Amino acid sequence: MSISHKIAVIGSGASGFYTALNVLKHKPATHVHIFEKNPNPFGLVRYGVAPDHPEVKNCIDSFNELSESPNFQYFGNVEVGNNGSTIGLKEMHEKYNAVVYAYGANAPNIPRIAGSDHPGVIDSFSFVNWYNGHPKFKDLNVPLEKVKNVAIVGNGNVAIDIIRILLADPKHWEKTDISDIALEKLRESKVEHVSVVARRGVLESKFTNKELRELLELEGVKFQGWNKEEMMKQIEDTKLDRINKRRISLLDKNYEKDGFKTWDIKYLHDPIGVKVKNNELLEDLICKRNKVVKSESGDWKIENDLGINNVQCDLVITATGYKCEPLDDFEDIGIKFAGKIINNDGKIEGINNGYAVGWIRTGATGNINSTYVDSTLVSDMIINDLKNDNEFKSGIDRELKNAIDWSSWEKIHEYEVLKGKEEGKPMKKISFDEMLSLVKRD
């Protein structure tokens, strides 16, 4: 006699939902329970995507299809695996045939810069959550009304998003779901110039050409250039692929565009500290100057030439990625962690029914597309493993106080859409307290 397997997914971001979707597509009798510490689902899809990129959030339409399955359950506002949590990991593994860790990267990866604890240095994890309306970051101090120059450390897509946030006309954001707090700050903003600071050269750029082109075409914003001459020998010596050829062409082509506000890229600048103006603002970002050098083997490498260059800025935003953190219960149940959960292609080392997917499996790298691929591979493994599992598991069969189910989340979302419609926006994100108040049960 066959049994209905029960799977727990910890985390309701893209990797968790894609895993659940694939499992239920191929094994519709499986019970899939998603646990999320916040009342709302969708993780970085909700709080990490730039407000003017709604197309990236289209995956939410697919995630909503899960509600059509009678075997899907959502448990929002339920902490798992940390001190004081509603559910411990030992109980999870005892009551589910498979436990999938999908909670992603939940902390900033802050570079080692002297003075990084100064209020004038803000990490992109906090800044992005702030402008995307995450309730826990609403009180972040972002004094744009006092800031003229900003330096962004890091040159990935998040850095490019932040430049658009800072330099686009505030009207650009009025019809998006950007937070009201951030929009008001942008209206008061005095920011005129942004410098992107990158330790390595143009061929190691992390942003995509699509993101770059969008920024270069932004109305009223001028690109002031990049230090191409310092990398010319490397560029001329390297057989460039299509992506790098296009990137260099874009940077060169848009050099003379007019604009009221400006930005530039300072490659080969390695930030080491900040010069402080007062208890809120900075004067400079202090950088070691690097150079590209051809080694005896013919490879090009980065070396410090012992020079120092100060980048004028009132504010620094570090956009050097996110990092994953372990849950408190990991050590107790034997999960090994080293920047990510130690696993073999998604199967957690030393844990019979444990799996990791998404950034908590791979480290904080990749996008929605790579997350989809990873989730498909891991969910296929789970489905295959369950073929040999005939043990009945109850799942969490006790009442979870203050848990938000899917119908409650839909009620919250309908309210957010309604409030947004009143202001001509797709939605208006509300606080966690407002969410819980909306669905409060007697």
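Helices (H or I, at least four residues) and strands (E, at least two) are DSSP runs, numbered from the N terminus. With that in hand, here is a tour of this predicted model, in which local features need pLDDT of at least 70 and side-chain atom pairs count only at pLDDT 80 or more, while totals for chains, interfaces and linings use all residues. Residues are numbered from 1 along each chain as its sequence is written, and side-chain values use heavy atoms, with hydrogens and water left out.

- Contact (heavy atoms within 4.5 Å) joins 16 residues of domain 1 to 21 residues of domain 2.
- The two domains bury about 1,300 Å² between them, 52% of it on carbon and sulfur atoms; buried area is the accessible area (1.4 Å probe) that two parts lose on being put together, summed over both.
- Y47, P51 and D52 supply 46% of the area that domain 1 buries against domain 2, more than any other three residues.
- Two salt bridges are counted between domain 1 and domain 2, a salt bridge being a side-chain nitrogen of Lys or Arg within 4 Å of a carboxyl oxygen of Asp or Glu.
- D52 also pairs with R164 in a salt bridge between their side chains (2.8 Å, N to O).

**First UniProt "binding site" set**

- An unreviewed UniProt entry lists N155, G156, N157, V158, R199, R200, E211 and G366 under "binding site"; UniProt positions are in the numbering used here, feature names are shortened, and annotations may be inferred rather than shown by experiment.
- From this set, R200 is part of the lining of the largest cavity. On a 1 Å grid over the protein atoms alone, a cavity is a set of points where a 1.4 Å probe fits but cannot get out, and lining residues have an atom within 4 Å of a point.
- R200 sits in the loop between β8 (193-197) and α8 (209-216), and it is partly exposed at a relative accessible area of 38%; buried means under 20%, exposed over 50%, and partly exposed in between (1.4 Å probe, protein chains only).
- Not counting residues up to four places away in sequence, R200 touches Y267, L268 and I302.
- G366 belongs to the loop between α12 (359-362) and α13 (368-386), where its relative accessible area of 44% makes it partly exposed.

- E36 is in the loop between β2 (31-35) and α2 (43-47) and is buried, with a relative accessible area of 9%.
- Leaving aside neighbours within four places in sequence, the contacts of E36 are G11, S12, Y74, F75, G76, N77 and V78.

- F42, in the loop between β2 and α2, has a positive phi near 90 degrees without being a glycine; F42 is buried at 4% relative accessibility.
- L268, in the loop between β10 (261-266) and β11 (269-276), is not a glycine either, yet its phi is positive at about 60 degrees.
- L268 is buried, at 0% relative accessibility, and is one of the residues that R200 touches.

Notes: 1 Å grid on protein atoms, 1.4 Å probe; cavity = no way out; pocket = protein on both sides within 12 Å on 5 of 7 lines; lining within 4 Å.
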